[in-house]
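Here's a quick briefing to read with the model open beside you. Take it topic by topic.

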Amino acid sequence: MLRHSLRVRLLLPVLALVLAVVVAATLVLATTEASRVRAEASTAIDRQTSALQSLFSVTRSIMLERVHNAMRLLRKEGDAIGQASVGGQITVPGHDGPVNDLVLGKTPQGNQFELVDSVTATMDGTATLFSRTGEQFVRVSTNVKKDDGSRAIGTILDPNGPVIAQIRKDESFYGVVDILGNPYVTGYEPIYPAGGSSAIGIWYVGYKTDLESLDRVISQSRVLDSGFIALFDSKGKLRFHSKTGATIDPAIMAEIVATAPADWVITRQDVPDWGFTLVSAYPKSDVNHVIVRQSIWIGASGLLVCLLLLGLQSALIWSRVLKPVQHLTAVAEELSLGKWNHTIDEVNLKDEIGTLARAIARLSNSVRLAMDRLSKR
């Protein structure tokens, strides 16, 4: 029977040992691979977000320089018209109720756009004159456009935003703000009347951020198979997102970021001075898939090595053990039948089989001598 075969009995322990080693190696390597995949995902996220943070920083620095230049021009041309003062109440489109006019020299600025348009004709961007009415600052002259293309005259400065807090402290504000749903790199400076210390209006210049380069970089970003990188503005609106992985639906991305499911790894980074949030996320299943693929590859490789080792071991067992034993068995059987003229090459072996061969050779010689003595009687 096969299970009583010497070859099987010799190979089974080797097979069991090799399989145990393969299983143990697969488990160890799978654990190591899991750590490596997580580390690589983290490194990839850090690399991509660092590049984006740098791009944001450079963009802001370049645009702020333009903002300062445009503000100097607006102030210069405004001062050339004359000292600022509060005018009579006027009606401006887009605002309910009367608004205090803003007068420069003797020229009312409400519903007039020569000054702001002349500045942006030279410097591009946008410009606005705000007039204070009660606690509100209303745009009475502007070339900031609404989505329908009309001037955003009559709209008010965000009463809960970072700008008005600075203006109320009689301080300027330079930075990124959301204007009518779009991010602008801006500058705001208080307008004071002659001898006054309380702002009656605000000078504003700003540039709508050109984030096409950011969009391209983020669109090409990817985290593992199903992960993504997304950019949210200060109001939680999804601005840009990855478009190369398995998860590209903006609604699904927004839901994942909002609900933070337990089977996802989510990392958030604030973008300094922008009010944006950079989010990277990937499902834990991506790591598991990689581990499974690697484990299958490792296991298959281990089994192949196991088969090769078994084949080599089987060949060695046959040539070094079974073949000599079979020959010695045949010699012993023929010796029992009175046949003793054999050539036993195994007597030259230095192992246990050589010892057995030499014993059988002596036995064969003894039997031959005994038979010779009997034949001479």
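In helix H2 (residues 114-123), the buried residues are Leu 115, Val 116, Val 119 and Thr 120. Look down the axis of H2 and these buried residues fall within an arc of 120 degrees, so they line one face of the helix. One thing to keep in mind before going on: this is a predicted model.

**More on H2**

- On the face of H2 turned away from its buried side, you'll find the exposed residues Glu 114, Ala 121 and Thr 122.
- As a reminder of the geometry, an α-helix has 3.6 residues a turn, so residues three or four places apart point the same way.

**The protein overall**

- The protein has seven helices and 12 strands.
- It runs to 377 residues, and 41% of them count as buried.
- If you take the contacts between residues at least 6 apart in sequence, 55% join residues at least 24 apart.

**Nonpolar cores**

- The largest nonpolar core has 50 residues, and the members touching the most others are Trp 203, Leu 231 and Trp 274.
- Helix H1 (residues 6-81) gives this core its largest share, 14 residues.
- A second, separate core has 16 residues, including Val 144, Tyr 184, Ile 202 and Tyr 204.
- What does Leu 231 contact, leaving aside its neighbours within four places in sequence? Its partners are Phe 56, Ile 218, Lys 237, Leu 238, Arg 239, Phe 240, Val 271, Phe 276, Thr 277 and Leu 278.

**Aromatic rings**

- Counting rings whose centres lie within 6.5 Å, there are seven aromatic pairs.
- For Trp 274 and Phe 276, the ring centres are 5.6 Å apart and the planes are at 40 degrees, so the pair is tilted.
- Trp 274 and Phe 276 are both buried.
- Phe 130, Phe 173, Tyr 188 and Tyr 204 are linked into a cluster by ring pairs, and Tyr 204 also belongs to the second core.

**Charges over rings**

- Arg 66 places its charged end over the ring of Tyr 207, 4.3 Å from the ring's centre.
- Arg 151 has its charged end over the ring of Phe 113, 4.1 Å from the centre.

Terms used:
Residues are numbered from 1 along each chain as its sequence is written. This is a predicted model: local features need pLDDT of at least 70, side-chain atom pairs count only at pLDDT 80 or more; totals for chains, interfaces and linings use all residues. Side-chain values use heavy atoms; hydrogens and water are left out. A nonpolar core is a set of buried Ala, Val, Leu, Ile, Met, Phe, Trp, Tyr and Cys residues joined through side-chain atoms within 4.5 Å. Buried means under 20% relative accessible area, exposed over 50%, partly exposed in between (1.4 Å probe, protein chains only). Helices (H or I, at least four residues) and strands (E, at least two) are DSSP runs, numbered from the N terminus. Contact means heavy atoms within 4.5 Å. The arc is that of the directions from the helix axis to the C-beta atoms. Rings of Phe, Tyr and Trp (its six-membered ring) pair if their centres lie within 6.5 Å; planes under 30 degrees apart count as stacked, over 60 as edge-to-face and the rest as tilted. A charge sits over a ring if NZ of Lys or CZ of Arg is within 6 Å of the ring centre and within 35 degrees of the ring normal.
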